[in-house]
Amino acid sequence: MNTHTPIPRGPAGTALVVAPAEQTPLLRYVWRLVTRWKKTIAAIVGGCLLLGLIITLLMTPQYTAVSTIEISRESDQIVDLRGAQQESSDADQEFYQTQYGLLRARSLAERVATQLRLVDDLAFFQTFDVDTESDIFRTDAGGRLGTAGRPARLRIAGDLLLDNLEISPVRSSRLVDLSFSSPDPALSQKVADAWSTNFIQATLQRRYEANGYAREFLEKRIEQLRQRLETSERALVAYASAERIINIPGAAGTERSLNSDDLTAINTALSEATADRVQAEARYRAGQGRGGQETEALTNAALNTLRAKRAELQADYQRLMLQFEPEYPAARAVQTQITQTERSIAAEEARIAGSIELAYRAALGRERGLQARVEDLTNSSLDLRNRTIQYRILQREVDTNRGFYDALLARYKEIGIAGGVGVNNISVVDAAEMPQRPSSPRLVLNMLLALIIGCALGGMAAFLLEQADEAISDPTEVEPLIGVPLLGSIPKLSGTQPSDALADRKSSMVDAYLAVQTNLAFSTEHGVPRSLAVTSTRPSEGKSTTALALATMLARAQKRIVLVDGDMRSPSIHHLIGTDNDRGLSNYLAGNDEVTGLIQPVAQYGFHAVTAGPVPPNAAELLTSERLHMLIASLLEQFDHVVIDSPPVMGLADAPLIGGRVDGVIYAIESHGIRSSLVRAALHRLESAHVRVLGAVLTKFESGRSSYGYEYGYGYGNKD
């Protein structure tokens, strides 16, 4: 007798041995997916490898020639005084993308085709498998292609060249690789070299044409500006003549009028005259009433001489007065001299005062004259300023036209010089060499690519098949998918008959059915139901084996068991127990025999059995009678448990009729086989018939095909 570990309780009182699996890691899920669908994946991978090999062997060898060119951001500025080599910007991708587009221009392809005379070479078109039976490839008597179809052939040749050309910019550099592939190595070399040289020529031609357009445009604009400049200059001169505006060159290239110069000079003279008048007036005012004490009188030499002489005479006169009377002749003579000297002094002082006044009058007159002149020039300047406004308007127009004219003329000269230099910003770094070996097909690369594609397609197919597969592949899926508790999982037997596996008490099948028996013990309050039936959705899902195994497990538990084959349409129990099927359930339901005569002992399994008996015309009609109920009641009087092998549910009414007569039904589900939707539909039929489903048994389970990494390790307890 086996001892078992405690079993956790499941839904509706059902004990579940297998605990819900944890979330499976991705790598394990992928491994299980590959293991389950390995044949499908292997077939797809093998097919892709075979297809890759066939395609590789059928491909025409291609020879690739490569030429390398350098594309600078700007051409070397030979005529620029700042330096010949210009700095380039790595961020300026727009320029390089434009150059790459120009390298793939149709015009360049047709230019190469024309230069190499490919457009008139019939062998060139035949090399690329072009249909040469059309009219455009019609040849003349000399075998040369006609000129009528040349434009169409040129387009085709350009498309062929572009289809086989590859532009590969070298990363982080200004280098570009031009690769051309064809079945002819010499042709590949010629096209690669011609492509680079023609690209340089086309670039120079575009630049020259652009310069030519610029020169023509500038010539027209220069002529227009020249005429406009001459017109504005004539208008300026005519207005100056009419308004009598005369300007002379000034500092920094400016002009000034004569009136302004005169006003400036007169203002300066007026300032000096005013200063002179103020000084003369001061002398004049200072000399009035001072009696010859003005500065000029005191500093005059003649006047000082006369004053000194008068002083001497007065000194002599005073000495004489000490001795003589005033009437003394000598004294009178000295007095006469004194009087004459004083007259001379008075006359000199009067002359000095007159000269000061005259100088003041002259300074005042000069000042007033200059003031009048300044007033006249000021009025004239104000009038000139009003007339100069229009003059300056005309002058600005002349300056503007002259600036435009000079700028365009300088640009025109630059274009003329640069256009004649012919410097290009594109150069050939490496010319193409004739390829010595084919560049394609590459067997190893193609097979590797086929392997990768095959693995990807195989993985995708396995994933889609896994998602589309409704079969139950894991015990943890039973209850979520069909809503019935799991009683146990039965491993699939390989090379062993069920009878042999049941005979070996150490086999995994015996352990699995012991777990089912243990779970059944928790399905009702009184343990294992006394009457139960085993059914399935369709035939060959293991229901008969399950019924036989449960009867065997219960018999080994010292129970009196009778196994009834209720599948009267396709009986199988008599084959499993090795007996005949002459009499059985169908005889009793038809009312012909007693129960005792139908029961057969099965010594090898330790229980009794009732076979199905002869196949009746309509088994469902027999099952609807009360004799089935009477049979089960009679058997329960003699045995502890009645196990009925019921027919499948789908398509038949037998299973619901039998399930309604027993305490419960055990539902057998074939793992990796039956679709869960069919199982749910069958269970719905049983539910409609008020049949109690005790739980499900997952049969023919293969742990290696489990999608969630389920391993067959249940922990059923120690075995004897």
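The model is predicted, so local features need pLDDT of at least 70 and side-chain atom pairs count only at pLDDT 80 or more, while totals for chains, interfaces and linings use all residues. Residues are numbered from 1 along each chain as its sequence is written, and side-chain values use heavy atoms, with hydrogens and water left out.

Me: What makes up the secondary structure of the protein?
Reply: There are 22 helices and 14 strands. Both are DSSP runs numbered from the N terminus: H or I over at least four residues for helices, E over at least two for strands.

Me: Which residues of α15 and α16 meet?
Reply: On the α15 side they include Met 509, Tyr 513 and Leu 520, and on the α16 side Ala 549, Leu 550 and Arg 556; contact means heavy atoms within 4.5 Å. The residues of this contact divide into ten nonpolar, three polar and one charged. Nonpolar means Ala, Val, Leu, Ile, Met, Phe, Trp, Tyr, Cys and Pro; charged means Asp, Glu, Lys and Arg; the others, Gly among them, are polar.

Me: Why does Leu 175 count as partly exposed?
Reply: Its relative accessibility is 28%. Buried means under 20% relative accessible area and exposed over 50%, with partly exposed in between (1.4 Å probe, protein chains only), so Leu 175 counts as partly exposed. Leu 175 lies in strand β3 (residues 175-182), and its C-alpha atom is 4.5 Å from that of Glu 70, 105 residues apart along the chain.

Me: What makes β7 and β10 edge strands?
Reply: The open sheet runs β7-β14-β13-β8-β12-β9-β11-β10, with mixed pairing. β7 (486-491) and β10 (600-602) each have a single partner strand, so one side of each is left without a neighbour in the sheet. Pairing requires at least two DSSP bridges; β10 and strand β11 (residues 607-610) have three, in the antiparallel sense.

Me: Where does α15 lie relative to the strands?
Reply: α15 lies across β7, β8 (531-536), β13 (664-670) and β14 (693-701), and runs at about 170° to β7.

Terms used. Axes fitted to C-alpha atoms, helices over the stretch in contact; angles between N-to-C directions.
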